[in-house]
Amino acid sequence: MHFPTNQIAIAAFVAIALMQTTRIDAATDRPNLVFIIADDCTFRDIGCYGGQAHTPNIDRLAEQGMKFTRCFQAAPMCSPTRHNIYTGLYPVKSGAYPNHTFAEDGTQSIVQYLKPLGYRVALSGKKHIGPQEVFPFEFSGKGNNPDMQAVDQLLSQCGESSTPFCLFACSNEPHSPWNKGDASRYPPEEVILPPYLADTPVMRETFSRYLAEITYYDGQVGQILELIDKHKMADNTLVVVVSEQGNSFPFAKWTCYGNGLQSAMIVRWPGQVKPGTVTDAMVEYVDVAPTFVEAAGGTPAEVLDGKSFVPVLTSQANTHKAFAYGIMTTRGIINGSDAYAIRTVRGWRYRLVWNLNHETKFTNACTKADYFQSMIQAGRDGDAKAAEVVRKYQHRPEYELFDCETDPLEMNNIVDDPKYAKVVARLKSELADWMKSQGDAGVQTEQDALLHQTRYKGMSREEANEAFHKRGIKAKQGQGTRAKGKKRKSP
């Protein structure tokens, strides 16, 4: 059969295009998926995000992939964060919104979504999730950190059987007590403290050890990347590295400020993600599950709150979401205020924070720590900045508004400035709509947080509250006993 020359050219072009499409589909049909997560790491402290921590492995990965500048999570605590990632649901909808929590029975997770697509789905390191029926990962770990030998074995087995895998490598670093890594790299007198912290010797020494542990985490990232290379899987493996919620110093973890909810996210996916790219597209941790499902060739479940950002990774889109949301509850956490509900919405430029129990003093594990106590003492000794930092952390107005473009550290509350009235009204409406869609009743949801913590599971509201207050009384008595014991030992 004879074809005109131009038709032959067209046919050849179509054939080549189809071949390229087939190669892309084949490469992305079942890529390996690796998600590496830190524990209590403020994203700003990582090298490629402008931080002073030495992070050569993460920085190199950013050169090989895509760095996100607007990645957020929905809760500034470990357990709800991890439930958020694995379920693709916001915290209240899944039931996992306080700390030490669990997802509602019947909730589906990334395991149930990927196994039918032929994946082995493993988690090595920190868990902090439940129940087992919702999260039937292949578990491994060493001291709450990834077990590199188990990871090596997983990659070896999957390579031999040509089975795609999804691995969540969950570090416990740089979570306190900051006892890993080489702190000598960060002399306390040379450490640069964020301007929202008071400058005390205790704070400097503690921050030095925290930075050292970020470098330790970077080493873990490097180990996992080396194992991927060892098994010659780099070309067909999508790697995501994130920093989790912020550190446990003031104004980060346990808060709904940017330092508590914004995260580093770096993605390497050879052949799909252009190396050395930076995106301002707004994504959330809740988007990880649907993104992995789509990358694996599946269709994300309609029940998910998250939305796949594969189009951003493949440069088919440069935007993703208009808003990111967050929730914090202190009820039931270590040294937490009896009830201090916080909600937030972050748009492209502005963040609105709603402190529902703003009349209450804000407390958590941080406020008992020696570094926070050193700030209190500095204030008492006449350090005006230290006194102001402590006050702003523990006593807040009902609403706070921040211009994240001109005030990225969110230190200047402009909610009462009349020229931002329309911004406040719009964000309040957006936040209310989101809370309604989640079944979030605000203060009542805060009160019911106990019912969603493992130690109170199965109790009625009355039983949970009674057990909660008994624990509080015992804790205070224990503190008193320890204090008396110390007194008797004093000379």
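**Loops, helices and a strand**

Me: What relative accessible area does Phe251 have?
Reply: Phe251 is buried, a word used for under 20% relative accessible area, with exposed over 50% and partly exposed in between (1.4 Å probe, protein chains only). This is a predicted model, where local features need pLDDT of at least 70, side-chain atom pairs count only at pLDDT 80 or more, and totals for chains, interfaces and linings use all residues. Residues are numbered from 1 along each chain as its sequence is written, and side-chain values use heavy atoms, leaving out hydrogens and water. For Phe251, the relative accessible area is 12%.

Me: What phi does Phe251 have?
Reply: Phe251 lies in the loop between β6 (237-242) and α8 (258-261); helices (H or I, at least four residues) and strands (E, at least two) are DSSP runs, numbered from the N terminus. Although Phe251 is not a glycine, its phi is positive, at about 70°.

Me: Which relative accessibility goes with Trp178?
Reply: Trp178 sits in the loop between β5 and α7. It has a positive phi of about 55° without being a glycine. Trp178 counts as buried, with a relative accessibility of 6%.

Me: Which residue does a cis peptide bond join to Glu173?
Reply: The omega of this cis bond is about 5°. Glu173 is joined to Pro174.

Me: Where is the place of Pro131?
Reply: Pro131 is joined to Gly130 by a cis peptide bond, with omega about 0°. Its place is the loop between β3 (120-125) and β4 (138-140).

Me: How are α2 and α7 oriented to each other?
Reply: The axes of α2 (residues 56-64) and α7 (residues 201-230) come within 7 Å and cross at roughly 55°; axes are lines fitted to C-alpha atoms, for helices over the stretch in contact, and angles run from 0 to 180 degrees between N-to-C directions. Angles under 35 degrees count as roughly parallel, over 145 as roughly antiparallel, 65 to 115 as roughly perpendicular and the rest as oblique. The two helices, α2 and α7, are therefore oblique.

Me: In which kind of crossing does α6 pass α7?
Reply: The axes of α6 (residues 148-161) and α7 come within 10 Å, crossing at roughly 25°. That makes α6 roughly parallel to α7. A crossing is left-handed if the near helix is turned anticlockwise from the far one by less than a right angle, and right-handed if clockwise. The crossing of α6 and α7 is right-handed.

Me: On which side of α13 are its buried residues, and what arc do they cover?
Reply: Ala386, Val389, Val390, Tyr393 and Gln394 are the buried residues of α13 (residues 384-394). They are on the same side of α13, because they cover an arc around the axis of only 115°. The arc is that of the directions from the helix axis to the C-beta atoms. To restate the value, the arc is 115°.

Me: What relative accessibility does Phe68 have?
Reply: Phe68 belongs to strand β2 (residues 66-72). Leaving aside neighbours within four places in sequence, Phe68 is in contact (heavy atoms within 4.5 Å) with residues including Tyr49, Met265, Phe309 and Leu313. Phe68 counts as buried, at a relative accessibility of 0%.
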